[in-house]
Amino acid sequence: MRGIFIVLEGPDGSGKSTMASMIGEYYKQKGREIIFTREPGGTKISEKIRNVILDNDNSEMSYNTEALLYAASRAQLVSEKIKPLLQQGKVVISERYVYSSIVYQGIGRKLGIDKIKLINDFATNDLKPDLVLFFDIDPEKALNRKLSSNNADRLENEKLSFHREVYEGYKEILNYYDEIVPINADKKANELFNEIKNIIDNLN
Ligand code: TYD
């Protein structure tokens, strides 16, 4: 059986986690083995890097450092988990991947799409997902949803204008990456999942 690599992208609080578990459940019912990962994180080393990146105490972190740490966390996740698991024919569902770095660091932090793509091609050895779902929802609405249930981390604490730029960034990169499919995420979980089901049924 061929491995399947699905990535969920979108603003903070756009409902990616809920859909990740519903997609996982769907594949499980089809008899597939599922692995969930999250970025930054997903391995012992990557989780340590995650703590450094998101720590509100690290306000002096340069944007270049931030971009490299996200790429480093991803490099470990790809080599230790994603690649071998795909080779074993598993279904890997990841919340966030290279596209987050392109929009948060490349566009939001203004480091440039090309530079972020370069370090991430290196970090991932050019591993591309089979499908990237972009959860299209107003960033303010999504963020409020998230902040009502959690304390904000260093990136969530960014100004709303940053989150708006990130959102516009996602819309911009839809033009460059064929693998990204936008879905209107401003709806109930069941409705959203039905839409996703149609898309993943057409994979392969
Ligand atoms: P997390 O709490 O995992 O947020 P979410 O549940 O929305 O994914 O925090 C990840 C934060 O890091 C989030 O604000 C997006 C940001 N991020 C980047 O800026 N660049 C990246 O490459 C990745 C993977 C995440």
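Trainee: Taking a cavity as a set of points, on a 1 Å grid over the protein atoms alone, where a 1.4 Å probe fits but cannot get out, how many of 30 Å³ or more does the structure hold?
Mentor: It holds two. This is a predicted model, in which local features need pLDDT of at least 70 and side-chain atom pairs count only at pLDDT 80 or more, while totals for chains, interfaces and linings use all residues. Residues are numbered from 1 along each chain as its sequence is written, and side-chain values use heavy atoms, with hydrogens and water left out.

Trainee: How much space lies in the second largest cavity?
Mentor: About 40 Å³, where a volume is the space filled by probe spheres set on the points, which are joined across faces, edges and corners. The largest cavity has about 100 Å³.

Trainee: How do helix 6 and helix 7 cross?
Mentor: Their axes come within 9 Å and cross at roughly 120°. Axes are lines fitted to C-alpha atoms over the stretch in contact, with angles from 0 to 180 degrees between N-to-C directions. The two helices are therefore oblique to each other, the class left once angles under 35 degrees (roughly parallel), over 145 (roughly antiparallel) and 65 to 115 (roughly perpendicular) are set aside.

Trainee: Which residues make that contact?
Mentor: With contact meaning heavy atoms within 4.5 Å, P139, E140 and L143 of helix 6 meet L160, H163, R164 and Y167 of helix 7.

Trainee: Back to the largest cavity: which residues lie nearest its centre?
Mentor: V98, Y99, D121, K128 and Y177 do, out of 13 lining residues. Helix 4 (98-108) and helix 5 (113-124) each supply two or more of the lining, and helix 5 gives the largest share, four residues.

Trainee: Changing topic, where is the cis peptide bond from E39 to P40?
Mentor: P40 is found in the loop between strand 2 (34-38) and helix 2 (44-54). The omega of this bond is near -10°.

Trainee: What is the phi of R96?
Mentor: It is near 80°, a positive value in a residue other than glycine. R96 is found in the loop between strand 3 (91-95) and helix 4. Most residues other than glycine have a negative phi, and most peptide bonds are trans.

Definitions and conventions
1 Å grid on protein atoms, 1.4 Å probe; cavity = no way out; pocket = protein on both sides within 12 Å on 5 of 7 lines; lining within 4 Å.
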